[in-house]
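Please find below my note on the model shown here.

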Amino acid sequence: MNLITGLMADATNIATIFLMVAGLYVVIARGNMVKKLVGLSLFQSSVYLLYLLPGKILGGSAPILDPKLTVYANPLPHVLILTAIVVGIGTLALGLTLVVRIKEAYGTFEEDEIIARDGAKAGEQGDVA
Amino acid sequence: MSMGLGDSVWLALALIIPAVTLLAILLLGRRPNLREAATLSGAILLFITVAQLLVDVLAGARPELHLASVAPGLTLALRIDPLGMLFGVVAATLWVANSVYSIGYMRGNDEPRQTMFYACFAIAIFSTMGLAFAGNLFTLFVFYEILSLSTYPLVTHKQNPAAMKAGRVYLITLIGASMILLLPAIIWTGLVAGTLDFKAGGILDGKLGPVALSILLAMFVFGAAKAAVMPLHRWLPAAMVAPTPVSALLHAVAVVKAGVFTILKVVVSIFGIETLSKTGSADWLVYVAGFTIIAASVVALRADDLKRRLAYSTIGQLSYIVMAAALVSPLAVLGAALHIAAHAISKITLFFAAGSIYTAEHVTKVSQMNGIGRRMPWTMAAFAIGALSMIGLPPTAGFLGKWFMLGAASSAANWFAVGVIVVSTVLNAAYFLPILTAAYLKPANGPVKEAPLAMVVALSATALGTVMLFFFPEVPFRLASAILGG
Amino acid sequence: MIAVHGPVLVVILPLFGALVAALVRRPLLAWAVSLIAAIGSFVVAVALLVQVRAEGVVSYRIGGWAPEIGIEYRVDAVNGLILVLVTAIAVLTLVYARRSVLSEIIPERIAWFYAMLMLCLTGLLGMAVTGDAFNVFVFLEISSLSTYVLIALGRDRRALVAAYQYLIVGTIGATFYVIGVGLLYLATGTLNLGLIVERLPEIASPRALIAAEAFIVVGIALKLALFPLHAWLPNAYAYAPSSATVFLASTATKVAVYLLARYIFGVFGVHLGIGSVAIASVLIVLSLAAMFIASAAAVFQNDIKRLLAFSSVAQVGYITLGLALANQSGITGAFLHIVNHALMKGAAFMAVGAIIYRSGTCKLDELSGIGRTMPVTAAALTIAGLGLIGVPGTSGFISKYYLVLGAFEAGFWWVALLIVASSVIAVLYVGRMMEVIWFREPNQRCRGLGEAPAEMLAPMVVLAGMTIWFGLDAELPASLAGAAAHVLLGARP
């Protein structure tokens, strides 16, 4: 391994971890429900990197059998992450839909305000159906 | 032991009859007369069944019945031994009296929710039969818990805040103790002995050291909180808020007897009295029970509420049985077994009388009972017989058990136990005799006014039984002597 | 066909059920389709379990690809039991759901409800049946996403917030899981659980394994609501439509527990941990905390659904405790409790749903004396409650008995004492319910009510009856759970 690949490997790991922690932090620290979802997406994206980057082999080609090529990149992580991305989109879409409905029902999507509104009307059934 | 088919059928009937009675009561809930007929006929049929079983057991049979294999090592099985038979006979007999009395009481006081009341009674007697005839510890535990649960609605029958509070104390103490102590004790026993079956002479000989045996015994004694050994006695006075037939059920027919029965059964058929006397692991229990006897008597002495006085009297009397069990000698076991029968019939008489006084006069305090002996001659005569039996004076049943227990204590040279019996007899006299003198010697302030007929019949019958048991103690005596043989 | 394609059929049937239910759009038709799909899936699951008991393991290669490349579905004594349990509960829930859903969800959304319920079933069955670590993630997300929708269909607007909060927590959990799987994949080069175990000894550094374990266990723990990661559960169960709560409470956490067992016994081993702290010790402490703290929280709830939800957190503690004991009796107890708790919580939530159906409320203080007017429903709730306490004669006793036995065998007699002591707290919260529904005079709201309709009562009575039956004759469930425990204990050489 030469210096560049070594640094590359570290840099990718650092990028992965940074996204992971930053995303998680946003989810925990923000009370705004949309921002939380943004953080969640960041967090999920870090996983895509976690899977994809080690699968990349410098100089490797796409895994199409050809007598001229000897080094292939591992195709499996790409397939897996394709699935994960679909799941991520589904989650984000559902999350945002819920936020829209919450905004309709409560008039806000700030968590602390929602808690306050439910607390003020404790016991009363808010009908949203 | 031979096990004829006939025996098993009778044994099964002892559980089936209360179950069918329960169904009939629920189905006939809207037609009180038929409903009460179901209760009565159930009681009488059960009595006949148990009598038939008694004849067989006295003839040497030991009926067995396998109910279900719950899981490997856990079976629901019945097997009648003399101790179980004694308890079964006492409970089945007194259930007849209690049914008659309940009908009078519930109608006389126009109590609400009678269907639930009779239904719970039927479940209680069902579980008492299962408990008395249990063939192993697991079966005993199952019926013990059903008994606790089925009597809870009876204790809370009045459904006022006081009753609900008492019900909570009742349920938490009994279920809590049985879950935290009795169940682990049973599992521990199973792990050590490899079986949970009752066996004459015990199953723990040589399996545990003296200290471990003491701990295990303590878990059984306090786990069976129905025996009301101090400090787990508070539920019993609390439960006095319930209607009187419930108190009678609690004190005489089923609940507290189930507690002392469990302790006696465990001492005889799980530990084995030889194992216990060899290791001295039950010695501490003599002191705990002795303390309970004296302390309960002192509290009873100061109680003005009649039912409360009777409740503390029960706590003391139960600990006689526990103390006798702790003396671990054949004579003591004989005395303990006899005292189960004697106390049951005497205490039910006392409660019947108390309830009868309440129904006719709405009197609940000792201090209000002046001259009541002349106004309610039958009731107070029965009360007097019950009281004499509690003190242990001949010619009443209470004398028998005490006599053998005193004999056992002195032959074991256990002077503490002898002292406790003597002192408590004096205390018993001190809290019962003033009631009698007030009732008979103070002037009456009203005409003769007895309770409803059903109640008077029931309490006269049990009072008569208390005396008869003294003169004809053959059946309980034969059963009690056969206990150690299994 | 079942004999050959059983493992995949069990998942595909509800998946197509979901599709068709979503397409037909008519409430009754969607319901019928779902019910048929669930019954089909149940039949296949039973056939699979019979086959597993005869042959040991049933392995199925999707598309004929070898496990190295393709996905393997693998049924043994452990997940065979789970499949039968989940499909059986699904069938009973669907029978129950028709009336309940009609009263709780607006007509245009009813077909969606059934589609989501079927998708959730698909996901749970898939998680149980697959032997591929990444495939588990996909099914986990299928079940989770449909669960969020199910919860959001609740009447109360707080259902939306509950669904959102569960979405956040559930996604974090699933992502944790997939991170852990990624680390395992990097270390071993395979996603097949069987192959991962084979290649573990070749891993040079155990660090990757420990990191993978931490991520996977935390991820799954969020899904199974292991204390203290349970915060999402009470609101989710309380505000979801009653039928959804029945299904989720009886199955969702159970499948997650199965997955946990699969990983800690099948992959990591109970002794692997961080430093000197083994995973088993951590689990024991958290389980005990759940048993006591969540039970205590249940005592103070006024909403019966919330009360039962907190009780669920506590009961999951018993299950994970049994796993952590890591001996035959303990794991048997855990799997017995998976089954038994599903039965009794199913019955309990069905009873609450029926009460809501008639009275419109599940607030304890508004339900005085409802036992008089709805005796069968209240009796089912009572039996379930006694099962939660662990009263002998109910199935709850049998599972606790095995757990106590397991604790004694492991030498933890104090754990045995704590197991029985915690039951006393259950006496408190069950006693509170019983006191109100049976021993108070019916109030204005409860006086004129009738018993719930027969098609809601029937599945409830079946579950309550099984709670009693398995309490009196536990040979069948005990042998199934014992076989599962045997497989798990023998999973790692």
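1. Chain A exposes about 7700 Å², of which carbon and sulfur atoms supply 70%; accessible areas come from the Shrake-Rupley method with a 1.4 Å probe, and for residues only the protein chains shown count as cover. The model is predicted: local features need pLDDT of at least 70, side-chain atom pairs count only at pLDDT 80 or more, and totals for chains, interfaces and linings use all residues. Residues are numbered from 1 along each chain as its sequence is written, chains are lettered from A and ligands numbered from 1 in the order in which they are written, and side-chain values use heavy atoms, leaving out hydrogens and water.

2. Chain A has four helices and zero strands (DSSP runs: H or I of at least four residues for helices, E of at least two for strands, numbered from the N terminus). Of its 129 residues, 34% are buried (under 20% relative accessible area, 1.4 Å probe, protein chains only). Among contacts in chain A (heavy atoms within 4.5 Å) with a separation of 6 or more, 50% involve residues 24 or more positions apart.

3. B:Gln317 belongs to helix α13 (residues 306-327) of chain B and counts as buried because its relative accessibility is 1%. Its side chain reaches the backbone oxygen of B:Met390 at 3.2 Å. Residues up to four places away in sequence aside, B:Gln317 touches B:His339, B:His343, B:Met390 and B:Asn428.

4. B:Thr466 is part of helix α19 (residues 453-471) of chain B. With 0% relative accessibility, B:Thr466 is therefore classed as buried. Beyond its neighbours within four places in sequence, its contacts include B:Ile345, B:Ser346 and B:Thr349.

Terms used: Buried < 20%, exposed > 50% of the residue type's maximum accessible area, 1.4 Å probe, protein only. Polar contact = N/O pair within 3.5 Å; in protein donor to acceptor, adjacent residues only side chain to side chain.
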